[in-house]
Amino acid sequence: MQTSRATLYLIASLSLVPLFIFSLFGFYLDSDIYFQIDTLALCCFLFCLFVIFSYFKSFIFTTFVVFALTSLVIFSSISREYLDFYGLYISFESLKLYRELFLAVKNFNSRPALIFALIVFATGVFLHKTIFQKLPRFSWKGGALAFLLPFSVGLLLLNIHTTRNDTIELLNLVSDEKREVKLENPLMFFFRSTPLALRFAPISEGKAAENKARIIAKALRKNTLVALPEEYEPQNFERLILDYPGLEHKSSSVNPLAFYAPFQMGHEAPNKKNVILIVLESSRFKELSKKVTPNLLEIASESFWFTNSYATSRATIKSEQAILCSSIDSNLLTPFARSEGVYRGKCLPHILKKHGYTTAWFHGNTKEFYNREVFHPSLGFDKIYSKESFESNGYSDIQDIGWGVPDPILYDTALNHFEKQKGPFFAEVLTLSNHQPFNWDYKGFKFPLSLEELGDDIYSNYQRSLYYADDALGKFWRSLKQKSFYSQSIIVITGDHGVPFYPKDTVSNKDKFEVLFKVPMLIHVPKSSPRHIDTTRSHLDIAPTLLSLLNIREENSFLGRPLIGNNFSNEKRPIFLMNMNNYGFIYGETKCFPNANMCTKGQDCINEKRFSCAIDSSEDVEAIGQSSHLMKYLQLKTLAAFTE
C-alpha cells in the first residue's frame with residue numbers, strides 16, 4: 001500500500017507540471033477561473049494517461065513522460081507566438097497550415113522551449129535511473145480507482161468550462177472584453193476543435209447553416225444553381241453594391257457582384273503602361289515618419305497618397321487576394337489559398353494577360369509557403385520568382401535576413417527582370433525582410449543613432465526593421481527612376497497588414513484594432529500632379545483603380561471601385577477588416593470594431609454580438625445591418641472558390 005502511494009504521489013506531481021509550463025509561457029497573465037478549470041481538467045486527463053503507462057515497462061513509461069511533457073512545452077511555445085501575432089490559438093483547422101507552421105517556427109524565439117525541453121529530458125533520464133525503474137505498479141483495483149476518479153473529475157471540469165459563456169451571461173461575471181480566446185487553455189482549445197470533440201458537441205445553428213452553405217457552394221461550382229436562396233439574395237445587401245463607372249450591373253441570379261462592359265463607340269484604347277506593385281511586409285501607417293520611413297514619405301510626396309487606407313486581413317496571402325482580385329477571403333482561420341488552392345474568378349493579372357501583359361511575382365520566401373506555387377498561377381501570374389529561383393542562380397541561405405532573401409537582392413532581381421521585358425508588364429514585388437520577430441542580423445547594416453539607442457523589445461526591433469526595409473525601397477526607387485521604362489509605368493506601394501505590437505502607453509485598447517489594419521497606400525503616375533486623398537479606402541480598390549488608369553474595361557466581380565482615373569468613384573465603400581476570430585466593418589467614417597468600448601459617452605452607438613459601432617451618420621445604420629448579409633454572401637463566394 002505504501003509503495004502504491006509513492007507511485008500515486010509521483011504521477012500526481014508529474015500531472016501538475018502543465019501548470020508550471022503554462023506559467024512559463026505567460027498564459028496565466030490574463031487568465032480567469034475558467035482557464036484554471038480547463039487546465040485542471042487537462043492535468044486530470046494527463047494523470048489518467050500516466051496511470052495507464054505505469055503498467056508498461058519503466059523505459060516505455062519514461063519515454064511517454066518525456067514525450068508528453070516535451071510536446072506540451074513545444075506546443076505551448078508555438079501557441080504563444082501564434083497568439084501574440086494572430087490573437088488566436090492553433091486549432092485543428094490550423095493543421096492545414098502545417099508546412100507554414102514548421103517553416104515559421106525556426107524564425108521565432110524558441111530558446112525558452114529548447115532549454116525547458118532539455119531540462120525535461122535530463123530530468124526524465126535522472127528519474128528513470130533513480131525512481132522509475134523501481135516504480136511499483138498499481139494493483140488492478142487500485143489502478144482502476146486511480147484512473148476513474150480523476151477521469152470523472154476531468155469530465156466534470158470540462159462540462160463546467162463548456163457552459164462558461166452561459167454562466168458568464170447569467171451571472172455577468174466578466175465584461176465582453178474578457179471573452180477572448182486568450183483566456184482559453186491552448187491545448188484544450190485545440191482539443192475542442194478536433195473532429196472527435198465536435199462530433200459529440202451539439203449541432204449549433206451556425207454549424208447547420210455552414211453545412212447548408214457548403215451544399216449551395218458546391219452547386220455554384222458545378223454551375224447547377226439556378227438562383228441564390230433567399231438568405232443570399234442581393235436585396236439583403238443592395239445598398240453595399242456600388243455603381244461601377246464605365247460598367248453596367250449584370251443581371252445575374254447567382255452573382256450579384258458581376259458588372260460587364262457595354263460596347264461603346266469611340267472608347268479610348270488601353271494605354272499599355274507597365275504596372276509595378278510593391279507590397280511591403282508588416283508595414284503600418286502609424287509608424288510612417290522621417291525617422292523610420294523617410295524614403296516612403298518622399299515617394300508619397302510625389303504620388304497620389306491615400307492617408308486613410310486599410311488592409312482587409314491580418315494575413316499576407318489574404319491581403320494579396322484583396323489587392324489583386326478585389327475580393328475577400330472570408331475564412332477566419334486557414335486561408336483560402338491553402339484550404340482550396342485554386343482561385344476560379346477573375347483577377348487583375350488575368351485581365352492584364354488578356355491585354356498582352358506579361359505577369360510576374362517576386363518574393364524572398366519559398367513558393368510552398370501558403371501554397372503560392374499553385375495559388376498564384378491561378379491568379380494569373382506567368383512567372384513565380386521565389387527563394388527556389390534565387391537558389392538555382394547561386395543564392396545561399398547564408399545571405400538570408402530573417403525569413404529569406406533580403407529586400408535589396410529581391411529589388412535588384414525584379415529590376416533586372418523589368419529591363420528584359422519587350423512589351424507591357426505587370427509585376428508584384430512582395431518584400432520580406434520586415435517580418436516578425438524583427439530581431440535579425442542585418443549583416444553590418446548601419447542604423448541611425450536614434451534607432452540604435454532604442455531597446456531590444458519587439459517594438460524597437462520593429463522600428464529598426466522598418467528602417468531597413470525603407471532603405472532598400474529608397475535605393476530601388478532611385479534606380480527605377482533612372483530606367484527608360486519608368487516614365488511608362490504606374491507604381492503602387494502599400495503595406496500588406498499591420499502587426500499587433502505597439503509603443504508603450506501610446507495606443508489605447510480602443511484604437512489598437514484600427515492601427516492593426518491601417519496601412520500606407522500610394523499610386524505613382526509619372527508626370528501627374530501629386531495629391532493627398534483622405535477618404536476611407538482599402539486594398540479592394542487597387543485592382544479597379546489600375547484598370548481605370550489603364551483604360552481597360554472588363555467584366556468583373558470586384559468589391560472595390562476606382563480611386564482615380566477615367567472611371568473613378570467617390571462613393572462610400574463597405575470595408576471589412578478580417579481578423580483571425582472576428583471582423584470589423586467600416587463605412588465612410590462609421591466604424592464597427594470587435595471592441596466592447598468602441599463608443600464613448602455622447603456618441604451615437606450600436607452594440608451587438610458582432611461588434612460595437614461608432615456611428616458617423618444615421619444613414620449608415622442600414623449599411624451596418626446589410627453588412628452581415630453581405631458577409632454571409634462573401635462566405636458563400638469563398639466556399640464556392642470565387643466561381644463567377
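Q: What is a disulfide, and how many does the structure hold?
A: A disulfide is a pair of cysteine sulfur atoms within 2.5 Å. This is a predicted model. Cysteine 325 is joined to cysteine 347, and cysteine 592 to cysteine 613. The number of disulfides in the structure is two.

Q: Which parts does the disulfide of cysteine 325 and cysteine 347 tie together, and how many residues apart in sequence are they?
A: The sulfur atoms of this disulfide are 2.0 Å apart. Cysteine 325 belongs to helix H13 (residues 316-325), while cysteine 347 sits in the loop between helix H14 (336-339) and helix H15 (348-354). The bond therefore ties together parts whose separation in sequence is 22 residues.

Q: Is the disulfide of cysteine 325 and cysteine 347 right-handed or left-handed?
A: The handedness follows from the torsion about the S-S bond. That torsion is about 95 degrees, so the disulfide is right-handed.

Q: Which strands does the disulfide of cysteine 592 and cysteine 613 tie together?
A: Here the S to S distance is 2.1 Å. Cysteine 592 lies within residues 590-593 and cysteine 613 within residues 612-614. The pair therefore links strand E14 and strand E16.

Q: Is cysteine 613 buried or exposed?
A: Buried means under 20% relative accessible area. Cysteine 613 has a relative accessible area of 0%, so cysteine 613 is buried.

Terms used
Residues are numbered from 1 along each chain as its sequence is written. This is a predicted model: local features need pLDDT of at least 70, side-chain atom pairs count only at pLDDT 80 or more; totals for chains, interfaces and linings use all residues. Side-chain values use heavy atoms; hydrogens and water are left out. Helices (H or I, at least four residues) and strands (E, at least two) are DSSP runs, numbered from the N terminus. Buried means under 20% relative accessible area, exposed over 50%, partly exposed in between (1.4 Å probe, protein chains only).
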